[in-house]
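Subject: Structure handover

Hello,

Here is the structure I said I would pass on.

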There are 2 protein chains.
Amino acid sequence: MLTHMLAHSIPDLLPAKNGEEPTIQFLLEVVEILTNYVRKTFDRSTKVLDFHHPHQLLEGMEGFNLELSDQPESLEQILVDCRDTLKFTYEIAPVFVLMEQLTLKKMREIIGWTNGDGDGLFSPGGAISNMYSVMVARYKYFPEVKTKGMSAAPRLVLFTSEHSHYSIKKAGAVLGFGKENGYVPLFVNATAGTTVYGAFDPINDIADICEKYNLWLHVDGAWGGGLLMSRKHRHKLSGIERANSVTWNPHKMMGVPLQCSAILVREKGILQGCNSMCAGYLFQPDKQYDVTYDTGDKAIQCGRHVDIFKFWLMWKAKGTIGFEQHIDRCLELSEYLYNKIKNREGYEMVFEGQPQHTNVCFWYIPPSLRVMPHGDKRREKLHMVAPKIKAMMMECGTTMVGYQPQGDKVNFFRMVVSNHAVTKSDIDFLIDEIERLGHDL
Amino acid sequence: MLTHMLAHSIPDLLPAKNGEEPTIQFLLEVVEILTNYVRKTFDRSTKVLDFHHPHQLLEGMEGFNLELSDQPESLEQILVDCRDTLKFTYEIAPVFVLMEQLTLKKMREIIGWTNGDGDGLFSPGGAISNMYSVMVARYKYFPEVKTKGMSAAPRLVLFTSEHSHYSIKKAGAVLGFGKENGYVPLFVNATAGTTVYGAFDPINDIADICEKYNLWLHVDGAWGGGLLMSRKHRHKLSGIERANSVTWNPHKMMGVPLQCSAILVREKGILQGCNSMCAGYLFQPDKQYDVTYDTGDKAIQCGRHVDIFKFWLMWKAKGTIGFEQHIDRCLELSEYLYNKIKNREGYEMVFEGQPQHTNVCFWYIPPSLRVMPHGDKRREKLHMVAPKIKAMMMECGTTMVGYQPQGDKVNFFRMVVSNHAVTKSDIDFLIDEIERLGHDL
């Protein structure tokens with residue numbers, strides 16, 4: 001539900017590059033797998049489940065390989081993966097629990113934590129992932145809050161930058177933190193890819209301070225975490241391996257359909273400690289399989305939507321290398337846009353220098369404003385330009401691009417590219433369209 | 001991921017009663033609508049969106065009627081609804097926002113709040129909905145906690161019953177409440193349909209106390225809320241209209257696929273007050289349409305998964321009357337099970353009297369235990385029976401049924417029916433299977 005450019009995007013599950021038919025053909029084969037599955041559910045002579053222990057699944061029984069690799073699999077193999085997955089979905093869905101476990105470990109390895117050790121969960125969005133990070137930090141330093149409430153701790157406060165996502169502030173309000181002077185610092189959020197500018201906080205510098213004062217360091221990489229997949233761009237998150245927790249949303253820059261967000265924590269077992277209520281009537285310890293795989297009590301949710309499958313399947317289909325290409329391509333397209341407009345008549349960039357992420361923030365100045373002296377009157381008029389152009393774009397149905405003010409800066413366009421099917425001519429079209437609609441304002 | 005009976009269940013979207021082919025046929029037509037939509041996304045000559053104002057959609061433009069009614073629509077009309085919905089999905093997805101608005105209002109009417117007025121949201125599960133209720137209660141009585149933290153309020157405590165869902169306790173831990181004597185009561189949770197027994201707390205009696213002491217009354221109807229759809233069974237929730245907030249999960253008793261949970265609040269606008277952070281860079285007030293429809297800042301999430309569409313479409317397809325039939329049928333099947341085993345040799349019921357919900361809780365006593373005197377040894381043995389039978393069921397793949405201990409009661413089976421495609425012979429099969437597998441234990 002965010003205001004990104006939606007120009008002709010489709011969920012980017014497929015490696016098919018040559019147009020629509022391979023995509024449609026593949027989708028129809030998936031549909032056939034599913035309809036066969038539905039047919040089977042009508043047949044009471046078939047088994048309800050084909051039980052296997054989690055460790056058997058992990059060991060690749062019946063040739064089902066859950067591991068993620070660098071290279072993409074063939075579409076044929078992806079269909080096999082779909083069929084295999086359906087075989088093992090029952091009760092607490094062990095196959096999805098294992099997919100989560102393997103994928104979270106892979107993400108922690110990419111962050112740079114030793115052996116990919118640590119903890120993690122998929123949560124319903126970056127705001128909730130950020131909230132988990134604050135909860136875990138509070139539990140780490142003041143575990144007694146879990147049973148005694150906030151009054152068992154000193155008055156605590158969180159640190160975050162003005163440009164950080166509002167969910168950090170919201171987590172503070174929800175969890176009962178205050179925002180007053182004199183409170184005790186607990187937690188610092190560094191943003192890797194701010195919402196508006198796509199800026200990366202200097203993680204190493206912040207980590208130095210956190211180490212010195214013994215504070216929890218969280219990196220909100222909801223938007224910028226995807227750059228970790230790129231050898232070219234991951235240096236922008238240097239120091240992330242020093243964080244205590246990381247939010248990373250595959251449903252943003254990596255093109256996974258909403259919702260798919262991960263909270264990753266460096267300390268093993270801490271989510272369980274923080275959130276478990278040990279409800280024996282839901283998490284039975286005397287099951288016939290190894291219940292250490294159960295993740296239910298780590299979450300603040302009870303039942304959880306299966307967000308992992310689409311991500312896992314996409315990873316299988318693209319390979320690690322495919323995500324890297326995806327990221328590099330999106331950043332290249334943004335660079336193309338930036339280079340096209342940075343010195344073009346009628347454009348002003350909102351911040352200096354080349355964007356760090358795909359966010360290109362700019363004002364379009366219609367000819368009537370180009371001759372106006374700078375001052376309040378021009379500011380007022382400029383503030384109206386982006387909303388007017390956007391409204392016309394929507395009425396025409398030709399394209400869409402987000403805008404917003406930021407601090408004392410009046411409304412500007414923020415163009416982001418997260419779909420690598422965008423082409424340079426789409427970017428050209430966007431600029432032509434802004435000029436066509438905005439020329440006479 | 002809950003341990004319910006999964007015997008041959010399919011998501012119950014369709015009114016088709018005569019077997020598999022109408023279902024498959026309908027699904028294939030939906031697939032065709034979707035593949036045509038995907039094809040269109042490849043075609044850069046088509047419009048990105050076909051803009052209409054929210055109020056135009058509400059007024060039923062182009063014949064698209066969002067209202068929910070008592071009677072089911074035809075499958076033909078459901079296909080039309082799917083096509084219409086796809087026309088209006090762009091940016092913050094106004095069509096889904098409107099579906100949410102209409103559906104939440106309908107749910108509030110069914111609860112019995114005047115004119116269906118109030119507030120509400122779909123959230124990622126009942127645990128989060130329950131957490132919202134505590135947050136809103138805290139905001140109502142101590143709004144300064146939002147900015148100053150829990151230290152701005154006295155030490156607060158929540159009341160809930162021992163059999164209530166653990167998410168109430170979890171919400172207390174997350175939000176910084178304590179569980180000590182001497183704290184000030186703020187909030188009372190009454191459960192409509194407990195997880196294990198399916199028991200309904202006496203809402204009117206609890207409401208009397210809440211009114212007397214000026215406490216927030218929440219009804220956790222995650223599991224039992226569905227009974228509101230039934231003229232025969234809704235009396236079990238008498239007094240629910242006196243609650244300040246209600247959790248109601250269509251993804252449980254009403255058969256909507258996970259996740260689909262609603263938090264409903266009697267006071268209008270309070271979710272916005274409680275949770276808004278007014279992030280101008282995301283929720284632009286100067287859009288060309290009426291931004292009072294924007295729900296983003298009411299939630300603790302930022303982006304939200306679209307949970308409403310499947311529920312809305314199911315309501316269209318079944319009608320209010322279809323949900324009533326669904327609920328009545330499930331309770332009838334449970335009654336059948338209860339009547340079958342209550343006096344049968346080898347069975348003991350866990351609680352006295354007829355179940356209020358579909359939860360039938362019972363021990364199966366294998367012949368070897370029937371002759372043992374009551375005492376610790378028998379208890380120990382009986383505790384092992386349900387897990388052993390369940391393990392054998394899973395190994396055989398014939399059926400599954402949940403079990404758990406509760407308080408000082410050893411492991412017992414809990415059979416629930418939420419799928420109205422279950423038949424009496426499925427219930428017979430379950431009993432036969434328990435006896436076949438458990439006879440020699």
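A:Phe64 and A:Trp312 are both buried, where buried means under 20% relative accessible area, exposed over 50% and partly exposed in between (1.4 Å probe, protein chains only). Their ring centres are 6.1 Å apart with the planes at 80°, so this pair is edge-to-face. Rings of Phe, Tyr and Trp (its six-membered ring) pair if their centres lie within 6.5 Å; planes under 30 degrees apart count as stacked, over 60 as edge-to-face and the rest as tilted.

Before going on, note that this is a predicted model: local features need pLDDT of at least 70, side-chain atom pairs count only at pLDDT 80 or more, and totals for chains, interfaces and linings use all residues. Residues are numbered from 1 along each chain as its sequence is written, chains are lettered from A and ligands numbered from 1 in the order in which they are written, and side-chain values use heavy atoms, with hydrogens and water left out.

(Helices, H or I with at least four residues, and strands, E with at least two, are DSSP runs numbered from the N terminus.) A:Trp312 has a relative accessibility of 0%, while A:Phe309 is partly exposed at 22%. A:Phe64, A:Phe88, A:Phe96, A:Phe309 and A:Trp312 form one aromatic cluster.

Now the interface. How many residues does each chain bring to the contact? Chain A gives 107 and chain B gives 108, contact being heavy atoms within 4.5 Å. The two chains bury about 9400 Å² between them, 61% of it on carbon and sulfur atoms; buried area is the accessible area (1.4 Å probe) that two parts lose on being put together, summed over both.

There are four salt bridges between chain A and chain B, a salt bridge being a side-chain nitrogen of Lys or Arg within 4 Å of a carboxyl oxygen of Asp or Glu. One salt bridge joins A:Arg44 to B:Asp426, with the closest N and O atoms 2.7 Å apart. Several elements of chain A give two or more residues to the side that touches chain B, including helix 5 (126-141), helix 12 (376-396) and strand 9 (402-406). Helix 1 of chain A gives the most to that side, with twelve residues.

Regards
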